[in-house]
Amino acid sequence: MTTPPLRLAYVPGATPAKWARIWSERHPDHRLELVPVSAAGAAEAVRSGSVDMALLRLPAQTSGLAVIPLYQETTVAVVPKDHVVTAADELCAADLVGEPVLLPGDDALHWDQSPGTVVEHRPETTADAIELVAAGVGALIVPQSLARLHHRRDLTFRPIADAPESTVALAFTEGQPQPPVEEFVGIVRGRRAGSSRGQTEPAPKRTAREKTLAKQAARAAAGKKATPKRGASAAKRPRRR
């Protein structure tokens, strides 16, 4: 009987490649199927059972799901390369006050106090908004991975230091997860293969005192090897007459 694949949905900009590689190395006979989904449909895809898990962005409607935050992304402003704000390597929200800003229908940040003046026309997707940025309609504020995903040679982006970060999380159905899902959770949490749960916890870190004692012992051992015995040194010296 063929084992059904483990299905992992992922929203635009999320990067499951590292975990997918580890899964394939540990479970070559159990296929991991990567399923691209829209940001709005990721949670529902898990609830409906069309996928087993999803990499999605928070905040999201995750009722009925267990959620494990994985990492956070810097928020950036995407602008034309000749835009005035590109003179700085990093922006703050105040630098965009008064600037026209695009708010796509699939906005990933949900920043209530986003700077700038929202353009009346709302593009349906981030990809559509990128086209409007290139046309000079306004700036676009997105997680950095989306700026890279929709990279264009005529556009650039700058991080916004005081903007909220975008959190990428793994979501799956609440309750006791199925063994394949539990195994994948172990992978994203950084556990190694081999423990009773299929993983090995990282070795505990040494305390500062333990590190200091180890260094002292190493120096003492090195000193004993390098310092000649007094008797040997005296034997080599010629006697004074």
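**Note on the predicted model: sheet, helices and pockets**

1. Strand β3 is largely enclosed by the rest of the structure, because 5 of its 6 residues are buried. Buried here means under 20% relative accessible area. Keep in mind that this is a predicted model. Two strands pair with β3, as follows. With β1 the pairing is parallel, over 3 bridges. With β10 the pairing is antiparallel, over 6 bridges.

2. Tyr-10 faces Leu-55 of β3. Arg-57 has Val-168 of β10 as its bridge partner. Val-168 also stands opposite Tyr-71. Strands β4 and β10 are antiparallel and are joined by 8 bridges.

3. Now the sheet as a whole. It is open and has 5 strands, in the order β2-β1-β3-β10-β4, with mixed pairing. Strands β2 and β4 form the edges, each pairing on one side only. From one strand to the next, the twist averages 25°. As background, strands of a sheet pair through backbone hydrogen bonds, and the sense may be parallel or antiparallel.

4. Which strands does α1 touch as it packs on the sheet? Helix α1 touches β1, β2, β3 and β4. The direction of α1 makes about 160° with that of β2. Helix α5 packs on the sheet too, and touches β1, β2, β3, β4 and β10. For α5 the angle is about 160° with the direction of β10.

5. Helix α5 spans residues 179-188. Why is α5 described as largely enclosed by the rest of the structure? Because 7 of its 10 residues are buried. The buried residues are Val-181, Glu-183, Phe-184, Val-185, Gly-186, Ile-187 and Val-188. Note that Glu-183 is one of them. These buried residues pack against strands β1 (6-10), β2 (32-36), β3 (53-58), β4 (65-73) and β10 (166-173), and against helix α1 (17-26). After α5 comes Gly-190, with a positive phi near 90°.

6. Which residues does Val-133 contact, leaving aside its neighbours within four places in sequence? They are Val-78, Val-79, Pro-80, Leu-102, Gly-138, Ala-139, Leu-140 and Leu-155. Take Val-78: it is 55 residues from Val-133 along the chain, yet the two C-alpha atoms are separated by 7.5 Å.

7. The largest pocket has a volume of about 230 Å³. It is lined by 15 residues, and those closest to its centre are Leu-6, Asp-52, Pro-177, Gln-178 and Val-181. Val-181 is also among the buried residues of α5. Elements β1, β10 and α5 each supply at least two residues of this lining. By class, the lining of the largest pocket has 7 nonpolar, 5 polar and 3 charged residues.

8. The second largest pocket holds about 190 Å³ of space. Of its 14 lining residues, Ala-39, Ala-40, Pro-59, Asp-107 and His-110 are the closest to the centre. Two or more lining residues come from each of α2 (42-47) and β3. The lining of the second largest pocket divides into 8 nonpolar, 3 polar and 3 charged residues.

9. Most residues other than glycine have a negative phi, and most peptide bonds are trans. Is the bond from Leu-58 to Pro-59 cis or trans? This peptide bond is cis, with omega near 5°. Pro-59 sits in the loop between β3 and β4.

10. His-110 belongs to the loop between β6 (100-102) and β7 (117-118). Is the phi of His-110 positive or negative? Its phi is positive, near 55°, in a residue other than glycine. Is His-110 buried or partly exposed? At 45% relative accessibility, His-110 counts as partly exposed.

Technical notes. Residues are numbered from 1 along each chain as its sequence is written. This is a predicted model: local features need pLDDT of at least 70, side-chain atom pairs count only at pLDDT 80 or more; totals for chains, interfaces and linings use all residues. Side-chain values use heavy atoms; hydrogens and water are left out. Buried means under 20% relative accessible area, exposed over 50%, partly exposed in between (1.4 Å probe, protein chains only). Helices (H or I, at least four residues) and strands (E, at least two) are DSSP runs, numbered from the N terminus. Contact means heavy atoms within 4.5 Å. Two strands pair if DSSP finds at least two bridges between them. Axes are lines fitted to C-alpha atoms, for helices over the stretch in contact, and angles run from 0 to 180 degrees between N-to-C directions. On a 1 Å grid over the protein atoms alone, a cavity is a set of points where a 1.4 Å probe fits but cannot get out, and a pocket is an open set with protein on both sides within 12 Å along at least five of seven lines; lining residues have an atom within 4 Å of a point. Grid points are joined across faces, edges and corners, and a volume is the space filled by probe spheres set on the points. Ala, Val, Leu, Ile, Met, Phe, Trp, Tyr, Cys and Pro count as nonpolar, Asp, Glu, Lys and Arg as charged, and the others, Gly among them, as polar.
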